[in-house]
Amino acid sequence: MKRLLALSALLLLTGARDPILVPDVSQHEIQVRQGFNGTSLLLFGAILSPEGTRAGQDYDIVVVVEGPTRPIVLRQKKRVAGVWINADRTTYRSVPSFYAVASARPIKDIVDDRTAAIYELGLGALQLSPSDSIDPAAQMRFSSGLVDLMTRNGLYSQDEHAVSVTGQVLYQARIFLPSQVETGSYTAETFAISHGRVVASAISRVEVRKLGLDLAIADFAQHSAFLYGLLAVTISVAMGWIAGRFFTPA
Amino acid sequence: MDVYLPIANLSVNGLVIVLLGGLTGLLSGMFGVGGGFLTTPLLIFYGVPPTVAAASAASQVTGASISGVFAHSRRGGVDYQMGGVLVAGGILGTGIGALLFRLLSSLGQIDTVIDILYVVLLGSIGTIMARESIQTMRAARSGAALPARKRRHHPLVAHLPLRWRFYRSGLYISPLAPLLLGLVTGIATMLMGIGGGFMMVPAMLYILGMSASVVVGTSLFQILFVTMATTMMHALTTKAVDMVLAVLLLIGSVSGAQIGAQLAQKASPVRLRLLLAVIVLLVAARMAMGLTYRPDEIFTVSPLCRPV
């Protein structure tokens with residue numbers, strides 16, 4: 001009985017020590033329409049100590065934005081008889097189409113590898129598990145190749161100076177979504193970390209969707225392929241013909 | 001000027017694409033080729049996914065060749081009978097091309113095959129064209145006339161069964177020969193997004209032995225219909241035709257083609273051929289570099305398609 005009391009007291013105490021995290025996102029819907037050139041997502045909020053006072057100094061804020069996942073095939077080129085061809089492949093069940101992490105200082109100074117892996121904090125900690133059973137060395141090679149490729153395409157990023165805390169209470173982070181982002185449901189997760197432990201987290205959703213003409217074209221191409229092809233052919237014939245009439249003197 | 005491409009799923013600078021279309025249009029006007037062989041690699045180089053690039057370039061070639069077909073048919077420079085056989089072969093070829101496309105994509109070798117095709121086709125045709133135009137230029141300088149090339153079809157063609165008379169082309173050959181030629185260019189069109197004019201014209205001259213006055217017009221006629229079929233085939237199978245991209249390319253290429261046609265009348269044809277040969281060889285060399293020296297990317301991602 002005594003022991004139980006002590007345990008509940010401990011639980012209460014630790015519970016009481018959790019900070020209050022009030023996060024928000026600048027846009028809950030990103031509209032992909034003509035002229036869309038990528039957009040900058042502002043993640044902001046307040047971090048308060050349990051007593052309701054400023055707590056910015058005591059906690060590290062890490063923000064992760066993740067896009068919809070999809071199954072992929074990853075292929076690796078190798079030189080075979082002097083020619084580079086796709087020689088090796090592996091499949092992944094679910095790979096985020098977008099991943100960005102922002103923090104105020106290097107993630108390795110904030111959490112240890114194990115915690116980073118549990119919460120997928122940082123590009124090195126992404127849980128990319130191939131569905132084929134391949135040896136760990138090959139797995140590592142493929143995963144780092146994938147992360148490198150996605151990083152250079154602007155779809156994966158890790159910025160260790162992107163979170164700023166003002167007045168020790170308001171934090172904000174800016175994450176850029178390039179124009180080639182996939183449409184779908186994105187999650188923006190904010191973590192408050194203290195002494196290498198995640199003490200609070202909150203999640204918000206961001207929808208990326210096509211709108212207007214671009215949605216119409218994508219839908220048209222997908223659902224009425226024959227008519228779409230016919231229209232594409234008609235447009236090219238008409239444009240070529242009009243240009244011919246326009247430029248050639250009668 | 002940022003333009004979002006709804007099928008390619010990325011935003012591009014519209015002016016760059018229009019200029020790119022203009023450049024290939026200029027070539028097509030000057031040389032009577034579609035210019036697809038330049039559009040597809042340049043688009044891929046710019047970051048457009050290869051399949052979207054090949055699918056959309058085909059519709060650009062349609063637009064670029066149509067005014068040429070009209071111009072040649074007014075002068076009686078199209079052999080419709082021969083063209084019809086070539087188109088039939090070409091459409092069959094796009095169907096085979098679509099199957100090959102699907103097969104190679106599932107094997108993950110589509111990019112390599114496209115690159116190898118580019119290097120082999122462009123390399124060999126560029127070399128032939130360069131050698132010929134240099135020979136002609138040398139001959140013109142020394143004053144000695146080149147021995148006139150006898151116009152006759154390749155011995156292999158004579159072995160094919162069934163013979164038809166093609167009046168405008170001045171031929172009495174088996175229709176299987178142009179059918180096969182059309183088939184090959186149809187496959188190439190589907191896989192590479194090219195019209196195939198630069199391989200059609202030499203093949204018509206040296207393999208079929210067609211009369212030179214109808215070669216360009218008939219090849220444009222074939223290209224027109226085969227690229228139309230290719231666009232349809234891509235729309236139905238790969239669903240990778242990006243209309244916005246195609247329209248941007250068309251704006252550039254249809255105007256470029258007109259300017260090119262006017263330029264072509266001023267410059268000497270031999271020099272034009274040499275210039276085209278150099279451009280063709282440059283594209284081939286760039287592709288060969290990616291294939292043998294170092295590819296642009298070691299890793300490539302493609303969506304996992306579950307076997308149906």
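Mentor: In this predicted model, a strand is a DSSP run of E with at least two residues, a helix is a run of H or I with at least four, and both are numbered from the N terminus. With that settled, ask about the places you want to find.

Trainee: In which loop is A:His195 found?

Mentor: A:His195 has a phi near 50°, a positive value in a residue other than glycine. Most residues other than glycine have a negative phi. A:His195 belongs to the loop between strand S11 (184–194) and strand S12 (197–210) of chain A.

Trainee: In what order do the 3 strands of the open sheet stand?

Mentor: S5(A) and S6(A) pair antiparallel over 11 bridges, with A:Lys78 opposite A:Ile85 in S6(A). On the chain B side, 5 bridges join strand S5 (residues 69–80) of chain A to S5(B), again antiparallel. The order is therefore S6(A)-S5(A)-S5(B).

Trainee: Which strands stand at the edges of that sheet?

Mentor: An edge strand here has a single partner strand, so one side of it is left without a neighbour in the sheet. Neighbouring strands are turned by 25° against each other on average, direction ignored. The edges are strand S6 (83–96) of chain A and S5 of chain B.

Trainee: Which residue is the bridge partner of A:Gln76 in S5(B)?

Mentor: Helix H4 (residues 136–152) of chain A lies across S5 and S6 of chain A together with S5 of chain B, at about 85° to S5(B). Within S5(B), the partner of A:Gln76 is B:Phe299.

Trainee: How many residues of chain A are in contact with chain B?

Mentor: Chain B brings 44 residues to this contact. By class, the chain B side has 25 nonpolar, 16 polar and 3 charged residues. From chain A, the number of residues in contact is 46.

Trainee: At what angle do helix H1 (residues 14–31) of chain B and H10(B) pack?

Mentor: The axes of H1(B) and H10(B) are 5 Å apart, and the crossing is right-handed. Their contact has 19 nonpolar, 13 polar and no charged residues. The packing angle is about 35°.

Trainee: Is B:Ser28 buried or exposed?

Mentor: B:Ser28 is in helix H1 of chain B, and its C-alpha atom is 8.0 Å from that of B:Ala261, 233 residues apart along the chain. A residue with 20 or more other C-beta atoms within 10 Å falls in the buried class. B:Ser28 has 32 of them, so it is buried.

Trainee: How far apart are the C-alpha centres of domain 1 and domain 2 of chain A?

Mentor: Chain A is divided into domain 1 (17–210) and domain 2 (216–250). The C-alpha centres of these domains are separated by 41 Å.

Note on methods: Residues numbered from 1 in each chain as written. Chains lettered and ligands numbered in written order. Predicted model: local features only at pLDDT ≥ 70, side-chain atom pairs only at ≥ 80, totals over all residues. Contact = placed C-beta atoms within 7 Å. Nonpolar A, V, L, I, M, F, W, Y, C, P; charged D, E, K, R; others polar. Pairing = 2+ DSSP bridges. Axes fitted to C-alpha atoms, helices over the stretch in contact; angles between N-to-C directions. Left-handed = near helix turned anticlockwise from the far one by under 90°. Domains from an automatic or database assignment. Buried ≥ 20, exposed ≤ 12 C-beta atoms within 10 Å, placed from the backbone.
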